[in-house]
Amino acid sequence: MQTDLTKNVSMDENRRAWVFPLVFIIVIVAAFVIFNAVAGGKFLTLLNIKNIISHAVYPIFIAWGFCFLFACGYTDMSIGGVIVLGSFAACALGNQIGVGGVVIGGMLVGFVLMFVNFLIFTYTKIPSWIAGISLALIYEAIAFALKTGKNTSSVVTSALNSDYRILGQLPWSLVILAVGLVLVYLLYNRTNIGYNIRSIGGNKKVSQAMGIDVNKTLLAVGVICGLLIGLACVMQESYAGQTSVKTGLTSINMIFQPLAIYLLAEILQKHINIIIGVPICSVILYSVFNMLTIMKVPSGTLQEAFLGAFIIIFALIGQHSVKGVVK
Amino acid sequence: MSENILEIRGLNKYFGPTHANVDVDFTLKRGEVHGLIGENGSGKSTLLSQIAGLYGSDSGEMKVNGQPYKPHSPLDAYDHKIAMVMQELGVVGSLPAGINVFLGRMNRFSKAGILNKKALYKEVADILEKWDLSAPPLNRNTDGMSIESRKMIELARALSVDPEILLLDEVTQSLSLNNRERLYKLIEKFKSMGRSIIVITHDIEEMIEITDNVTVLRDGAVVGTVISSETTPDEIRNMMVGREVEGGYYRDDYAPDFSDKVELEVRNLTVAGEIENVSFDVHEGEILGFCGLSDSGIHTVGQAVYGLTDKKLTSGTVHLMHNDTYVNNATTALRNNVGYVPKDRDNEALMIAANIRDNFGLPSVHVIRNKGTGFIHPGKVKKLSNDMVDKLSVKTTGIYQTMDSLSGGNKQKVNLGRWLAKDIKLLILDCPTRGVDVGVKAYIYSIMKEAKKDNIAMILISDELTEVLGMSDRIIVMKDGKVSGEMDRSEDLTEQKVIGVMI
Amino acid sequence: MMQKRKVKAADIIPFAAFIILLIFFAAASKGKMLSAYNLKLLIEESIQTIVVGCGVLFVVAQGSIDLTVGVNLALSGVIGMHVATMTGVGWLAIPVSIICGTLVGLLNGFLVAKCKVPSFTLSIAMLIGVRGIVNFIQTKIGIEYVPDDLRFITTAGFRFTLFAIILVAFCYIFEFTRIGRYSQAIGENETTTRFIGIPVTKYKMLAFVISGFLAGVGAIFSMGSVGGTSMQMGVFLEMRTAMAVFFGGILVTGGSSAKFYKVILGSLSITVITTGLSLIGLSDSQYSESIEGILLLIILFVTIVASRTGGRKKIVEKTPHTKEAGAQS
């Protein structure tokens with residue numbers, strides 16, 4: 001053990017910290033360019049890039065939500081259901097009073113439901129992801145009832161007026177994303193509450209003994225996740241204009257892609273801060289989907305197969321030198 | 001300012017039906033290093049925890065600087081300049097080392113809610129430098145670090161408060177010799193600054209060496225306080241146990257005594273980056289001791305002999321003579337009458353949340369099972385555990401009690417006993433008495449003596465020199481991963497001689 | 001020093017939950033629930049969850065999670081049935097399904113145990129990927145029906161016999177052989193298990209292989225009950241199974257909380273809720289689903305409160321994901 005190397009080590013690492021992301025991004029861009037050439041220039045057209053980016057935005061907020069959820073040890077399978085209901089609200093209120101309605105409706109319902117989830121996780125101590133499946137059943141059933149209900153059906157399933165969908169379109173979606181990135185990054189990496197969250201996720205007992213108020217911190221996570229998921233509702237409804245629902249836990253499907261984004265970002269975590277990694281991975285993910293579509297790989301079947309393989313390969317690379325216990 | 005910085009009168013603490021502290025009176029002077037000693041469960045850690053604000057007290061009062069003191073949380077204690085390094089609490093593994101030091105108290109590094117990490121790390125580095133402690137990389141997560149580095153982080157955390165009273169609960173047991181020396185210097189410096197320290201350690205010799213006064217606790221109550229320079233280890237031992245400790249402690253013979261038959265032949269054992277060309281023999285009925293400083297690789301030797309080190313990095317041969325087998329992996333070792341007691345009892349040795357039966361049975365499952373059908377008779381496992389509980393007199397309500405509710409000494413009995421339940425030819429012991437009290441320590445030594453009589457070959461790896469000297473027939477001293485000396489047991493082999501070869 | 005094992009509240013709750021549910025729905029359905037027909041239906045409906053759950057049990061005991069069983073079942077069934085249809089040899093569907101399931105399990109095991117891909121990550125990837133492959137195959141070949149010489153798999157006699165064999169065999173393997181003991185030990189403390197000298201990697205792979213094998217067997221039950229393959233094969237079976245396993249009182253951390261009977265009780269309880277709700281006329285999915293969800297939450301809550309007062313303090317919030325995140329970073 002060395003006494004005096006501390007500063008050198010940390011500086012050395014800071015310098016190295018920039019190398020990997022840089023190389024990584026160059027490799028990705030190079031891959032895009034090469035693919036573009038192969039695809040006869042169909043990939044890197046302005047329209048196509050716009051397409052990819054505008055699609056990539058709303059899952060980013062969900063994936064950020066996962067960052068905080070997982071950081072404190074929760075897995076919430078009901079987020080898909082929350083998003084369906086939040087999007088319904090955004091649509092119903094949006095068509096009544098405009099963009100403000102979209103924001104209020106989505107944020108409110110998304111926030112309240114996420115917060116309810118958190119209260120259930122924190123105070124009932126039911127393992128979160130089992131509770132999450134139960135909650136998903138409940139939310140789906142409510143959504144389904146709304147969709148099939150005589151009075152509610154037309155309100156929640158009609159398309160959101162395209163005038164009120166600007167938040168989900170470029171350039172506004174990018175503006176919101178940029179602001180979100182800065183705020184979420186600071187929250188996760190540079191604030192007490194961010195570290196407190198990560199601390200109780202790491203070791204609850206030690207955190208408590210160090211004077212961190214565990215319940216207060218968990219509620220803070222609830223608030224943060226609520227805001228992020230609420231925003232995701234707003235963005236998804238504004239992007240898609242319409243949300244469909246089926247029963248039988250199908251809403252869990254909705255979170256697979258954000259989950260894949262989170263998992264990719266987590267694998268890169270050693271080299272790229274996870275909050276920054278999320279948007280990067282989202283763009284990569286949807287680019288890959290886009291490439292597959294250009295290559296005429298059918299979506300809903302083989303594209304998913306590629307996505308699965310993609311995650312596993314990433315995980316293989318990321319876990320390459322991992323020692324110790326992995327469950 | 002009064003001479004007494006801390007005064008405790010009539011302190012009581014209950015945990016359910018357990019009366020953990022009984023009317024404790026305690027006084028700590030300014031500039032005093034005060035030792036607390038007692039067997040496991042005597043209430044010393046509980047006492048420190050109350051001073052540090054981890055537990056409230058049920059009755060009695062504490063005064064700091066003559067002012068009433070009733071801490072509600074560790075942070076409250078910090079405000080009174082009191083900080084504690086706990087025995088088994090640790091750090092948050094998923095956070096950087098530097099953050100761990102100020103976790104929960106990072107406000108002063110924040111501006112407008114945004115944390116200045118650089119300033120924080122600098123402050124931590126300054127603290128470590130000020131007290132001359134070895135520093136692990138501060139921006140690295142702690143879960144990849146050694147116990148020793150993590151202890152340093154905990155020490156830095158306590159010192160960051162700039163405490164007037166520092167409470168150290170079993171800190172030395174996780175440190176190797178060179179870092180212990182550093183800690184002793186820290187204690188001296190503290191003293192010279194007129195600050196006070198309360199130390200808990202199981203190592204009585206160490207205790208007498210570094211403290212001014214020692215208070216002995218038994219069953220939650222104070223037995224008495226003695227002046228360190230005027231007492232002897234035996235006096236303290238007797239006070240702790242409440243009677244004369246019989247039958248000696250270490251071995252009372254002073255000559256090597258073992259069979260000529262070699263049981264284990266190790267040749268050119270190398271683990272890249274850790275140990276290099278280590279060769280030795282262990283004979284039947286021999287205790288071979290290993291000692292060395294923290295980077296000497298003595299613990300790696302134990303792991304490598306049991307086949308636990310990374311295959312790609314390991315070379316050389318480990319030859320078991322009794323059935324002419326070469327150990328390439330731990331499974332071979334397990335199946336060929338070798339036992340291994342790892343250093344980190346709670347993380348490497350025991351299934352802490354499982355019951356006693358499962359812990360006793362695990363290494364024997366493959367022996368108990370019916371070779372044809374694979375059937376493991378539950379009754380046989382139960383019998384094995386019950387027999388061992390009786391034989392080792394493990395203090396328990398029964399074999400279905402979970403391990404985490406046992407005391408350290410009883411945990412260690414299970415840890416050792418599960419090997420003794422088998423037909424063992426070679427036993428590797430890595431710090432077998434770490435964190436256990438005198439009574440259990442003496443008991444473990446007696447088990448070792450018995451095993452020796454049964455012709456079991458033993459490798460004793462330890463950070464406690466007195467133990468290695470007291471128990472081994474031969475001692476191998478290691479330095480920087482290589483064997484630097486080999487000595488036979490004799491009356492005039494002293495610690496100084498061994499240390500001379502170590503450094 | 002002999003001592004009777006103290007029965008912990010946490011061990012009784014799965015029984016209590018099952019019996020209370022059964023009595024409740026028996027009363028609510030005016031006894032219909034307990035008719036021979038409905039009891040048979042109850043078991044019929046639970047078979048898939050229980051069979052697949054027996055395999056997942058090994059993985060969960062080790063503290064990992066296997067959410068691939070649903071898609072694995074679908075893939076095995078679709079391939080098995082296609083081989084049978086193509087070759088005209090009906091019985092081939094059985095070995096092919098089982099081999100296919102086992103191979104997927106082997107792949108899972110290899111990736112988790114050897115390559116150290118966290119099981120939760122792997123599960124999600126497989127859930128997405130394999131479902132895509134299954135859908136792809138099914139869009140190409142369509143739905144296939146059980147050929148005549150394979151019709152025996154739809155008979156109650158065959159199904160119950162096979163079910164009984166599976167139950168006995170895997171109860172034995174889990175409760176009375178090394179595989180079960182070591183799996184629990186790995187869940188309790190993997191490092192300890194390795195330090196004792198137990199080949200942890202081998203047993204981790206084996207658990208996934210067993211899980212895959214039983215997913216293949218599950219495919220036979222699935223095709224037997226429907227009479228062929230379907231687009232809905234194994235959809236969300238992994239979630240149902242996971243719920244059944246944890247509902248039965250097994251902790252996410254596995255270890256000695258993993259018990260064979262808990263899988264069966266958990267599966268039966270969940271089926272009692274779904275069939276019970278339809279018996280009392282709430283089969284309309286919009287109501288029954290949310291009632292199912294609420295009931296599940298309530299019972300889980302009771303289980304946890306009871307087990308805490310029962311002295312088992314080990315119920316710590318720990319998702320499979322945190323565990324792995326803690327270990328790798």
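**Exercise 1.** In which helix of chain A is Val116(A) found?

*Solution.* Start with the ground rules. This is a predicted model, where local features need pLDDT of at least 70 and side-chain atom pairs count only at pLDDT 80 or more, while totals for chains, interfaces and linings use all residues. Residues are numbered from 1 along each chain as its sequence is written, chains are lettered from A and ligands numbered from 1 in the order in which they are written, and side-chain values use heavy atoms, leaving out hydrogens and water.

Step 1: Val116(A) sits in helix α4 of chain A. Helices here are DSSP runs (H or I, at least four residues), strands are E runs of at least two, and both are numbered from the N terminus.

Step 2: Val116(A) counts as partly exposed because its relative accessibility is 33%. The scale goes like this: buried is under 20% relative accessible area, exposed is over 50%, and partly exposed is in between (1.4 Å probe, protein chains only).

Step 3: Val116(A) belongs to a nonpolar surface patch of about 500 Å², along with Leu93(A), Ile97(A), Ile104(A), Leu108(A) and Val112(A). Patch members have over 30% relative accessible area and no salt bridge; nonpolar side chains (Val, Leu, Ile, Met, Phe, Trp, Tyr) are joined within 5 Å, like charges within 9 Å. Areas come from the Shrake-Rupley method with a 1.4 Å probe, and for residues only the protein chains shown count as cover.

Step 4: α4(A) gives the largest share of the patch, 4 residues.

**Exercise 2.** Is Asn108(C) buried or exposed?

*Solution.* Step 1: find Asn108(C) in helix α4 of chain C, residues 93-114.

Step 1: Asn108(C) has 0% relative accessibility, so it counts as buried.

Step 2: look around it. Beyond its neighbours within four places in sequence, Asn108(C) touches Asp66(C), Thr68(C), Leu122(C), Met126(C) and Phe208(C). A contact means heavy atoms within 4.5 Å.

Step 3: zoom out. Chain C has 13 helices and 0 strands, and buried residues make up 62% of its 329 residues.

**Exercise 3.** How many residues do chain A and chain B each bring to their contact?

*Solution.* Step 1: chain A brings 26 residues and chain B brings 37.

Step 1: together chain A and chain B bury about 2700 Å², with 60% of it on carbon and sulfur atoms. Buried area is the accessible area (1.4 Å probe) that two parts lose on being put together, summed over both.

Step 2: count the salt bridges between chain A and chain B, and you get 0. A salt bridge needs a side-chain nitrogen of Lys or Arg within 4 Å of a carboxyl oxygen of Asp or Glu.
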